[in-house]
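Welcome! Have the sequence and the 3D view open, and try each exercise before you read its solution.

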Amino acid sequence: MKKLLNWLEARADNVAVGLLAAMFLAFVLQIVSRYVLNSPLGWTLEACLISWVWVVFWGSAFLVNDQEHVRFDILYSSASTRVRKIFALIAAIAIAGAFLTSLPATYDFISFMQIEKSSVLGIRLDYVFSVYLIFAIAIIVRYGARIVAIFTGKFGEPERRL
Amino acid sequence: MSSEFLICIAILFGLAAIGAPIALSMIVGAIAYLALKGQDLGLASEQILQGLYNSFILLAVPLFIVAANIMNAGTISDRLLAFCVALVGRFRGGLGHVNVIASLIFSGMSGSAIADAAGIGKIIIQMMTREGRYSPGFAAAITAASATIGPIIPPSIPMVMYALVSDTSIGYLFLGGIVPGLVMAGVLMTLLVFIAKRRNFVVEEPTPLRALPRLTVNAFPALLMPVILLFGIYGGATTPTEAAAVAAAYAFILAAFFYRALSFRSIYDILSSSARSSAAVGLVIGGALIFNYIVASENIPSAVAGAMRSIELSPVAFLLMINVLLLALGCVLDATTILLVIVPLFIPAARELGIDLVHFGVVVVVNTMIGLITPPYGILLFVINATTRVPLRSMIQEIFPFLGVLIVALLAITFIPELVLFLPQQFGYR
């Protein structure tokens, strides 16, 4: 199980690196085509925007752990283990609950976007935006798992990114 | 202001206070607001996705992050440092001056104070504390203080964020930051001269002048970077976002081919850590997008503007009030949150009072950068603590004089708009 998760995390990392590299290359291509070759490519900007959206939500879903998030942790880190547990439980219930409650509406919005296509590449926007669903589900699973960990006494063990 | 909005705020700050990620707290607060208002819960994802997908200017953020990480990994930082040591290392307290000058030059490339502190700052703290010449607390404090200059001199990630929420020109904002950045460097170095005399700091073995040409040649391609960036943007050749990509590409070519300091593995690691930082920052921006949508639909900014009008606040008093407020918030909140969530509330009021929005932007960015080193919550102090293990307590003891002079610089920038606006006006700003 541990092995599998490690393997999956490494693959998630590969995807994020691939996306960022693609974004960077597309941008360079855009600049070269516009300023050096004088015949701007239309699709590069769109490719950048799509990979940016994917980097943000793919990364937030699988790669960014609690320590790497922007957070305010003075109260948390100065609290006792017991209080920390309560803090973590409240936060986890609120986050998992809110994302779970809004999941159907989020799905509706994203599947509704199939009526629109990106203007140059013609990629359906529900595909582009689907990464947000992946992100929402990953958040629900992660914070759900934390609630379970708190109740089974496993809280405080080093958390995995994935 | 509706009761639903107050609940949304309570949830946001409640969750953030107990240590939940700020971005997720904003999204949860927004979802609660939509649920209480009986609105479509899908609106949260719609605002976040459309906002991120449609703003071209935000692409500069991940590109500047990549550029900064390449420079830190590819010995570009080290070369710049050697150049600065040769230049100003010969004075009393020389390494302190090196620290400021290095930040000044490095900031012309990276756009992120944290990258500055973690990269070049780490090396220079090691140099300063070697053989006990400077106390670790002092070395860390001057490093943190000078790192705040990073995002004032262009390029600048915080200014990209301000441009996003205020609709001001990122090009003019960048130009407006140059003189204030020099002013900040000036006050820090003046303070250093005094401290060096009082504490009788060592005078370094001066680097022989005949080594200077070689070190300059060595650092020259890196020194060229700010020139390329500024020329690209103000020569009208590229947009600021494209300039960010050019910066990253240039850093990559320098590090990989010219200095031969990058392996395939290190390129992968650079991209991997950049992807993580980009995702974390992007998510906060996403959270701020939905939060700002709610703030706007509650008409909060115009209510604030109305309140300012009714108490007949003068522009000077308004700016002073904003500075005090943001500095206080900077003690407990991070710069991204302040710029994306708090500052938009005051933009219409600033506009109504006739305050120039480029001037206002530079003032709030300088202010939030000072907030990065104000205890107890100062991200730069934490980053230096994490990378160098200098205890927070000893850093905080030494930081106050630096904080003091930076606040003096902030006041100067606030009350003398020309410091900010002179350069943009030379390039056709109004």
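A residue is called buried when its relative accessible area is under 20%, exposed when the value is over 50%, and partly exposed in between. Keep in mind as you work that this is a predicted model.

**Exercise 1. Find Thr168(B) and decide: is it buried or exposed?**

Step 1: Locate the residue. Thr168(B) sits in the loop that links helix 10 (157–166) to helix 11 (170–199) of chain B.

Step 2: Apply the cut-off. The relative accessibility of Thr168(B) is 15%, so this residue counts as buried.

Step 3: Look at what surrounds the residue. If neighbours within four places in sequence are set aside, Thr168(B) touches Tyr162(B), Ala163(B), Leu173(B), Leu357(B) and Val358(B).

Step 4: Check the side chain. Thr168(B) and Ser166(B) are joined through their side chains by a polar contact of 2.6 Å.

**Exercise 2. How many of the ten residues of helix 10 of chain B are buried, and what covers them?**

Step 1: Count. Eight of the ten residues are buried, and helix 10 is thus mostly covered.

Step 2: Name them. The buried residues are Ile157(B), Pro158(B), Met159(B), Val160(B), Met161(B), Tyr162(B), Ala163(B) and Ser166(B).

Step 3: Find the cover. It includes helix 4 (60–73), helix 11, helix 14 (264–297), helix 17 (335–352) and helix 18 (357–371) of chain B.

Step 4: Inspect the start of the helix. There, a side-chain oxygen of Ser156(B) comes to within 3.1 Å of the backbone nitrogen of Met159(B).

**Exercise 3. In which helix does Val193(B) lie, and how far is its C-alpha atom from that of Phe91(B)?**

Step 1: Find the element. Val193(B) is part of helix 11 of chain B.

Step 2: With a relative accessible area of 43%, Val193(B) is partly exposed.

Step 3: Take the distance. The C-alpha atoms of Val193(B) and Phe91(B) are 9.0 Å apart, while 102 residues separate the two along the chain.

**Exercise 4. What is the radius of gyration of chain B, and what would a compact globule have?**

Step 1: Chain B has 21 helices and zero strands.

Step 2: Compare with the rule. A compact globule of 430 residues would have a radius of gyration near 22 Å, and the 22 Å of chain B agrees.

Step 3: Along the principal axes, the C-alpha atoms of chain B fill a box of roughly 70 × 50 × 45 Å.

Step 4: Look at burial and contacts. Of the residues of chain B, 62% count as buried. Among contacts with a separation of 6 or more, 79% are between residues 24 or more positions apart.

Step 5: Consider the charges. Chain B has 20 positive and 18 negative charges, and their mean positions lie 16 Å apart.

**Exercise 5. Repeat the work for chain A: what is its radius of gyration?**

Step 1: List the elements. Chain A has five helices and zero strands.

Step 2: Compare with the rule. For 162 residues a compact globule would have a radius of gyration near 15 Å, but chain A has 20 Å.

Step 3: The C-alpha trace of chain A spans about 65 × 35 × 30 Å along its principal axes.

Step 4: Look at burial and surface. Buried residues account for 48% of chain A. Its accessible surface is about 8200 Å², with 67% belonging to carbon and sulfur atoms.

Step 5: Consider the charges. The 15 positive and 11 negative charges of chain A have mean positions 8 Å apart.

Note on methods. Residues are numbered from 1 along each chain as its sequence is written. Chains are lettered from A and ligands numbered from 1 in the order in which they are written. This is a predicted model: local features need pLDDT of at least 70, side-chain atom pairs count only at pLDDT 80 or more; totals for chains, interfaces and linings use all residues. Side-chain values use heavy atoms; hydrogens and water are left out. Helices (H or I, at least four residues) and strands (E, at least two) are DSSP runs, numbered from the N terminus. Buried means under 20% relative accessible area, exposed over 50%, partly exposed in between (1.4 Å probe, protein chains only). A polar contact is a pair of N or O atoms within 3.5 Å; within protein, one must be able to donate a hydrogen and the other to accept it, and residues adjacent in sequence count only if both atoms are side-chain atoms. Contact means heavy atoms within 4.5 Å. The radius of gyration is taken over C-alpha atoms; the globule rule is 2.2 Å times the number of residues to the power 0.38. Lys and Arg count as positive and Asp and Glu as negative; His and the chain ends are not counted. The place of a charge is taken as NZ of Lys, CZ of Arg, CG of Asp or CD of Glu. Accessible areas come from the Shrake-Rupley method with a 1.4 Å probe; for residues, only the protein chains shown count as cover.
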